[in-house]
Amino acid sequence: MKNYADKQELILSQITNKYFQRRDFSGCDLSGIDLKGINLSGVNFIGADLRDANLSGCVLTRANLSGANLMQASLREANLYEASLCEANLINADLTRANLCGTFLWRAKFTSSNLWGASLCDVDLREADLSEAKLIEASLIEANLMRANLSGAKLCGAKLLEANLTEANLTGADLTWANLTKANLTKANLWETNLIYARFRDTIMPDGTIKQPQIVIY
């Protein structure tokens, strides 16, 4: 494409044209594109370059963004229900209050990303890198975080009910006021993890013991 304006116009025309059925942008250079608020459900973005793209408020339900580069992209309040972002690069991305419920995020990179208030219920985050990520007040109910890297992550007030944190790295993470009811922390690394006022009930701790609410860690 000749320039950014041409790229923007072409992509928008393809997405909004009801007769354009392909909607396949796999491997395309879409860096910096502004698609704010557009319905992109089911679109194929496998391996696409979406660095610095504005996808705020977009509907991306069941879209395929596996392997896509979304570094520093804005996905504020986007709906990514059941989308696939396996091995996607979301470093420094803004996903504030985004809906990621049921999303496939295996080995996705979220280093230093903003997921404040995001909905991540029943997501597949196995082996994902969430180091230094902001997950304050995020909902991670029944999330699969097996072997995920959450070192230095901010999880203050996060809901981790029935979350699978088996072998997760929580070194230096902040879980102040987090709800860990029925969470599984088997073999998790809690070195220097802040668990002040965290809520425990039937929580499986790293050593396999069951923690109850009357025991508070300071």
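## Salt bridges

The side chains of R126 and D124 meet in a salt bridge, with 2.8 Å from N to O. D124 counts as buried, at 15% relative accessibility. R126 counts as partly exposed, at 31%. Salt bridges that share partners also build a network here: they join R107, E127 and R147. This is a predicted model, and the count of salt bridges in it comes to seven.

R62 and E82 form another of these pairs. Their closest N and O atoms are 3.0 Å apart. R62 lies in the loop between α1 (4–16) and β1 (203–204), and E82 lies in the loop between α1 and β1 as well, so the pair ties together parts that are 20 residues apart in sequence. R62 counts as exposed, at 52% relative accessibility. E82 is partly exposed, with a relative accessible area of 29%. D94 and R76 form a salt bridge too, and the closest N and O atoms are 3.0 Å apart. D94 lies in the loop between α1 and β1, as does R76, so this pair ties together parts that are 18 residues apart in sequence. R76 is partly exposed, with a relative accessible area of 33%.

## Aromatic pairs

How many aromatic pairs are there? The count comes to two. One joins F25 and F45. The ring centres of F25 and F45 are 5.8 Å apart and the planes meet at 20 degrees, so the pair is stacked; planes under 30 degrees apart count as stacked. F25 lies in the loop between α1 and β1, and so does F45; the pair therefore ties together parts that are 20 residues apart in sequence. F25 is buried, with a relative accessible area of 2%. F45 is buried, with a relative accessible area of 2%.

The other pair is W177 with Y197. Their ring centres are 4.7 Å apart and their planes stand at 20 degrees, so W177 and Y197 are stacked. W177 lies in the loop between α1 and β1, and Y197 lies in the loop between α1 and β1, so the pair ties together parts that are 20 residues apart in sequence. W177 is exposed, with a relative accessible area of 52%. Y197 is partly exposed, at 40%.

## A charge over a ring

What lies over the face of F200? The residue is K211. K211 sits at 5.4 Å from the centre of the F200 ring.

Is L150 buried or exposed? L150 is buried, with a relative accessible area of 2%. L150 is found in the loop between α1 and β1.

Which residues does L150 touch, leaving aside its neighbours within four places in sequence? The leucines in contact with L150 include L130, L135 and L145. L155, L165 and L170 are also among its contacts. N169 and A173 are in contact with L150 too. D174 is 24 residues from L150 along the chain, and the C-alpha atoms of L150 and D174 are separated by 9.6 Å.

## Cysteines without disulfides

How many disulfides does the model hold? The count comes to zero. C28 counts as partly exposed, at 26% relative accessibility.

C86 gives a further example. The closest cysteine sulfur to that of C86 is in C101, at 16 Å, which is too far for a bond. C86 counts as partly exposed, at 21% relative accessibility.

## Confidence

The protein averages a pLDDT of 93. Of its residues, 94% score at least 70. Where is confidence lowest, and where is it highest? Confidence is lowest in α1, at a mean of 75. Confidence is highest in β1, at 98.

Terms used:
Residues numbered from 1 in each chain as written. Predicted model: local features only at pLDDT ≥ 70, side-chain atom pairs only at ≥ 80, totals over all residues. Heavy atoms only, no water. Disulfide = S-S within 2.5 Å. Buried < 20%, exposed > 50% of the residue type's maximum accessible area, 1.4 Å probe, protein only. Salt bridge = Lys/Arg side-chain N within 4 Å of Asp/Glu carboxyl O. Helix = DSSP H or I, 4+ residues; strand = E, 2+ residues; numbered from the N terminus. pLDDT = per-residue confidence, 0-100. Contact = heavy atoms within 4.5 Å. Phe/Tyr/Trp six-rings, centres within 6.5 Å; stacked < 30°, edge-to-face > 60°. Lys NZ or Arg CZ within 6 Å of the ring centre and 35° of its normal.
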